Amino acid sequence: MALLSYFTSNRDRENVRSRKMNNDDDDYKDAATGTPLSTIAQAFEEISDLIKKGNDKGISVDLYLKPFCEACSLVSVLFGCLGIAFKFAEMEYTAKVRDLLDASKHFGTLSSVVDFDLQNNTVKSPGSHTRNLRRVRQGLDLIRELFQNFLSAENHSLKKAATTAYQQVCAPYHTWAVRTAVSAGMCTLPTREQLLVNLNETDKSAEKEMRRYIKASLAVIENIDTLYISRGIKLDW
């Protein structure tokens, strides 16, 4: 399978360092003082740009595991901003990302993780890296759906957006006890204003960064789904 590396060439890295030293470079100023949401959006845009470049050239992009995990780890702060209602999702997501990050010491790419479990017939085994990757993918999709619902709702109701997102993405795979606990916890979600404060965003900036994440994360999610499908692994679990 053809690969595209996350890592830039030596010349690219020198160019980046030079640009970072230029105080007149607005892009790098923003990156240095960015909010958690803008940092997350930028990280996933970098990944989605690589995927798009590969797709444009007809190349199947095999994402490197460690940089992928590092980007995913940034998303944990979003679950934290949602409070008790998403505490279970936060704990599960964080544990899965940590497992995959540890696995990156032995596996270079996402496909190598999946292929290993396929060879050992452990794709859906509890604790397997492929199963954990599937759960991380759901976590990314949960936040994406939440943002999408939040921005499209007439009254921008966080409770409605979060409830719908959970029902669409995670509820089908959770036990009755977990679903009940999450449902009860929805009443403890922060208000729209509190969420913006937690994210250090304004109405305008939050919408901009959420839309960036929505678009970029979808490309990453689709890349993971394509990997599973290419290996004959169904997505209904």
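**Cavities.** I began with the lining of the largest cavity, where the largest share, 4 residues, comes from α8; helices here are DSSP runs (H or I, at least four residues), numbered from the N terminus. I note that the model is predicted, that local features need pLDDT of at least 70 and side-chain atom pairs count only at pLDDT 80 or more, while totals for chains, interfaces and linings use all residues. Residues are numbered from 1 along each chain as its sequence is written, and side-chain values use heavy atoms, with hydrogens and water left out.

For a cavity I took a set of points, on a 1 Å grid over the protein atoms alone, where a 1.4 Å probe fits but cannot get out, and for its lining the residues with an atom within 4 Å of a point. Grid points are joined across faces, edges and corners, and a volume is the space filled by probe spheres set on the points. With these terms I found 3 cavities of 30 Å³ or more, and the largest has a volume of about 80 Å³. Its lining is made up of Phe 79, Ala 89, Glu 92, Tyr 93, Arg 135, Gln 138, Gly 139, Leu 142, Cys 170 and His 174, with α6 (87-103) and α8 (129-152) each supplying at least two residues.

**Salt bridges.** I counted a salt bridge wherever a side-chain nitrogen of Lys or Arg lies within 4 Å of a carboxyl oxygen of Asp or Glu, which gave 12 salt bridges. In one of them, Glu 45 pairs with Arg 212, with the closest N and O atoms 2.7 Å apart. Glu 45 lies in helix α3 (residues 36-56) and Arg 212 in helix α12 (residues 203-230), so this pair ties together parts that are 167 residues apart in sequence.

I also looked at Arg 211 and Glu 207, whose side chains meet in a salt bridge at 3.2 Å, N to O; both lie in helix α12, 4 residues apart, about one turn of the helix. A further network, joined by salt bridges that share partners, takes in Arg 134, Arg 137, Asp 141, Arg 144, Glu 145 and Asp 225.

**Nonpolar core.** Which residues touch the most other members of the largest nonpolar core? I defined such a core as a set of buried Ala, Val, Leu, Ile, Met, Phe, Trp, Tyr and Cys residues joined through side-chain atoms within 4.5 Å, buried meaning under 20% relative accessible area with a 1.4 Å probe, protein chains only. Of its 66 residues, Phe 44, Phe 68 and Phe 86 touch the most other members, and α12 gives the most to this core, with 10 residues.

Conventions
On a 1 Å grid over the protein atoms alone, a cavity is a set of points where a 1.4 Å probe fits but cannot get out, and a pocket is an open set with protein on both sides within 12 Å along at least five of seven lines; lining residues have an atom within 4 Å of a point. Buried means under 20% relative accessible area, exposed over 50%, partly exposed in between (1.4 Å probe, protein chains only).
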